[in-house]
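Student: I am new to this structure and would like to learn how to read it. Could you walk me through some features?

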Amino acid sequence: MRTVMFLQRTDSRPELDQFDRYPTRLSMPAPHLERADPTVWGTVDSKELASFDADGFVIVDELLTPAEVAEFSGEIDRLASDPALRDDDRLIVEKSSNRVRSIFEVHKLSAAIAELVREERVLGLARQVLGSEVYVHQSRVNYMPGFRGTGFYWHSDFETWHAEDGMPAPRAVSLSIALTDNYPINGSLMVMPGSHRTFVPCLGSTPAEHYRESLQEQEIGVPTADDIAALAARYGISQFTGRAGSALLFDSNLMHGSSNNITPFPRSNIFLVFNSMENTLVEPFAAPSPRPGYIGSREFTPLSA
């Protein structure tokens, strides 16, 4: 029996409930939901993706060459120091230090990143998993400087993309390309292998323009401590470590997070989100209006076009 019809929302939009298989931003706690959709929608024909269905992620070693790492590192340094972006909404600063935390829509700000997005070694990974043509739902650069870099609390990206962008199903993948070495000590990404099969409904009502606060520090749309404890007991925790140029491809519903970086070793990455052309966005399921296009694109143009 489906329980979706009986869950109470906090945003007074009951007309969505009958279509919503992943209800969230609720007024009352609800049980975890087992995923109703596949993880791999296509045919995986590469050994490096063999464990994606079971774990919800794979590590791709040496996706970029050392020369390309140097090139892209210079490119993201250029973007971070560009005075024209300082008043641009696409540039997000740290809440405490005012340092650059993220820059969104980088595939439109950088010709080099735009070219990388369309390369088969990148695009092919997304197509294999999603089984369709894809478009860029979101692109950004994340900066985690040494000593005061702020992490990201445990979360499922799909929960936010579903609630605030209107993504119907978890038929999207993210590719995090490391431009610096990822050590266990410098805030590298932690993941829960297999947690992509469990959707965690979150509590709270989404205020208007919630993205302005959540991109600095997310407090709505995150699991409770009990949720995290239960998932960790069931799935365990792994960490993405490796040399600059390696990459992590992961499912949109994988539970992940990172701790603060108090080491002298900075961490930065290019973050690309590919959504299936068969999973394009509708109205948000638990927010008053969609987020801006530079965060959740509504330009549904396949990358093959």
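Tutor: Let us start with Glu-105, which sits in the loop between strand 4 (100–104) and helix 3. Helices (H or I, at least four residues) and strands (E, at least two) are DSSP runs, numbered from the N terminus. This is a predicted model, where local features need pLDDT of at least 70, side-chain atom pairs count only at pLDDT 80 or more, and totals for chains, interfaces and linings use all residues. Residues are numbered from 1 along each chain as its sequence is written, and side-chain values use heavy atoms, with hydrogens and water left out.

Student: What is the phi of Glu-105?

Tutor: Most residues other than glycine have a negative phi. Glu-105 is not a glycine, yet its phi is positive, about 60 degrees. Glu-62 also has a positive phi without being a glycine, here about 55 degrees. Glu-62 belongs to the loop between strand 2 (57–60) and helix 2 (66–80).

Student: Is Glu-62 buried or exposed?

Tutor: Buried means under 20% relative accessible area, exposed over 50%, and partly exposed in between (1.4 Å probe, protein chains only). Glu-62 has a relative accessible area of 70%, so it is exposed. Glu-105 counts as buried because its relative accessibility is 12%.

Student: How many residues of helix 6 are buried?

Tutor: Nine of the nine residues of helix 6 (residues 157–165) are buried, so this helix is largely enclosed by the rest of the structure. Among them are Trp-161, Asp-157 and Glu-164. Gly-166 follows helix 6 and has a positive phi, near 85 degrees. In helix 5, eight of the eleven residues are buried, so that helix too is largely enclosed by the rest of the structure. Its buried residues include Val-122, Leu-125 and Gln-128. Just after helix 5 comes Gly-131, with a positive phi of about 65 degrees.

Student: Which residues have the most contacts inside the largest nonpolar core?

Tutor: In soluble globular proteins, nonpolar side chains tend to be buried together. A nonpolar core is a set of buried Ala, Val, Leu, Ile, Met, Phe, Trp, Tyr and Cys residues joined through side-chain atoms within 4.5 Å. The largest one here has 42 residues, and Ile-177, Leu-249 and Phe-274 have the most contacts inside it. Helix 5 (residues 120–130) gives this core its largest share, six residues. A second, separate core of 18 residues includes Phe-250 and Leu-254.

Student: Which side chain does Thr-39 join through a polar contact?

Tutor: A polar contact is a pair of N or O atoms within 3.5 Å; within protein, one must be able to donate a hydrogen and the other to accept it, and residues adjacent in sequence count only if both atoms are side-chain atoms. The side chains of Thr-39 and His-196 are joined by one of 3.4 Å. Thr-39 lies in the loop between strand 1 (33–34) and helix 1 (52–55), and its 2% relative accessibility makes it count as buried.
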